[in-house]
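Reader: I like to know what stands behind each label in a structure description. Could you take me through a few of them?

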Amino acid sequence: MTWEEVASGIFVKQFGSDDVNVAAIVGPAGVTVVDTGGSLTEAHDIVTDLTKRFSVPIVGAINTHAHYDHSFGNSMFAALGVPIIGHHRIPAHYDAFEGPRLHAWCAGHTRDADKDWEKVVLTPPSVLITQATTFTAGGREIKCLPITRGHTDTDLAVFVPDARIWMLGDVIEESGPPMFGSGSWPLDWPKALEELLLHVEPTDVIVPGHGSVVDREFATRQAAALNAVTTAIRDAWTAGMSIEETLATVRLPWPEWMLRSALERGFSQLSVE
Ligand SMILES: [Zn+2]
């Protein structure tokens, strides 16, 4: 697979066994990479590939969120002196979720034998974003917009105004149902996405965290699907149903293990409301 140009001067390529979408924002003076891969090996592949394909230096890296497949390659970019930009809550998310996960994976409680977990050095972004921020990198204007908590509480929308393209990480997924994983907020996700979509034009291009590029219509449908999960969680909670009872009755297009994770997260949130 090669870098596919999905908007003017914006290229996407999938890396690693998780097929994570890595984007290259190419300007006259440099390239900014969006997401850094799930391991040092993947990050090394990304750097080698960027250098081979684009004859400009790597001037920046951005994390769409804290999850391992999008940020565990950070240390490679830090070692090259490349500034890494990300949501201000990534350090806290690392402490609560990705750090303990990495620890467990290194201890061998994992099926992912293809990952070099021991070589991963958790490296939070060097530039933490707390509000909508526009900057120029390599001659391209880039806007980073923190998204209200949903897929995680570290989601960052990356927008390139001159190409009308959005890189949204796993707030949107195309290759499968969006994932309720570590640190997700299933009760808040649909609203967060709907709020974000107010900024998106019908002809804008959206790069999901995994899968092919989509448009606003696709994202609107995904917001509605996520809303069905939120409603199911709230209804089950109100009816006093257990997670097992809910799983036995709901009909939603998600695998059971993901719905279980969504229900666990949703119920624990409702229990303190
Ligand atoms: Zn992902």
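Author: Gladly; what follows goes label by label, with the cut-off beside each value. This is a predicted model, in which local features need pLDDT of at least 70 and side-chain atom pairs count only at pLDDT 80 or more, while totals for chains, interfaces and linings use all residues. Residues are numbered from 1 along each chain as its sequence is written, and side-chain values use heavy atoms, with hydrogens and water left out.

Reader: Let's start with the metal. What makes Asp69, His70, Asp170 and His210 donor residues of the zinc ion?

Author: Donors are N, O and S atoms within 2.8 Å of the metal (3.2 Å for Na, K and Ca). Asp69 (OD), His70 (NE2), Asp170 (OD) and His210 (NE2) coordinate the zinc ion at 2.1 to 2.2 Å, so they qualify under the 2.8 Å limit. Water is not among the atoms, so sites may look incomplete.

Reader: Why is the arrangement around the zinc ion called irregular?

Author: Four donors are tetrahedral if all angles lie between 85 and 135 degrees; four are square planar and six octahedral if opposite donors are over 155 degrees apart and all others between 65 and 115; anything else is irregular. Here the four donor atoms subtend angles of 89 to 158 degrees, which makes the arrangement irregular.

Reader: What do His70 and Asp170 tie together?

Author: His70 lies in helix H2 (residues 68-71) and Asp170 in the loop between E11 and H5, so the pair ties together parts that are 100 residues apart in sequence. Helices (H or I, at least four residues) and strands (E, at least two) are DSSP runs, numbered from the N terminus.

Reader: Are His70 and Asp170 buried or exposed?

Author: Buried means under 20% relative accessible area, exposed over 50%, and partly exposed in between (1.4 Å probe, protein chains only). His70 has 0% relative accessibility and Asp170 has 3%, so both are buried.

Reader: Now the rings. Why is the pair of Phe180 and Trp254 called tilted?

Author: The search of the whole structure finds 12 aromatic pairs. Rings of Phe, Tyr and Trp (its six-membered ring) pair if their centres lie within 6.5 Å; planes under 30 degrees apart are stacked, over 60 edge-to-face and the rest tilted. Phe180 and Trp254 have ring centres 5.7 Å apart and planes at 45 degrees, so the pair is tilted. Phe180 is buried at 1% relative accessible area, and Trp254 is buried at 8%.

Reader: How do you know that the charged end of Arg149 sits over the ring of Trp185?

Author: The rule asks for NZ of Lys or CZ of Arg within 6 Å of the ring centre and within 35 degrees of the ring normal. The charged end of Arg149 is 3.8 Å from the centre of the Trp185 ring. Arg265 also lies over the face of Trp185, at 5.3 Å from the ring centre.

Reader: What makes the buried residues of H5 line one face of the helix?

Author: In H5, Trp189, Pro190, Ala192, Leu193, Leu196 and Leu197 are buried. Seen down the axis of H5, these fall within an arc of 165 degrees, so they line one face of the helix. The arc is that of the directions from the helix axis to the C-beta atoms.

Reader: What do they pack against?

Author: The buried residues of H5 pack against strand E9 (140-146), strand E10 (156-160), E11 and helix H6 (216-238); contact means heavy atoms within 4.5 Å.
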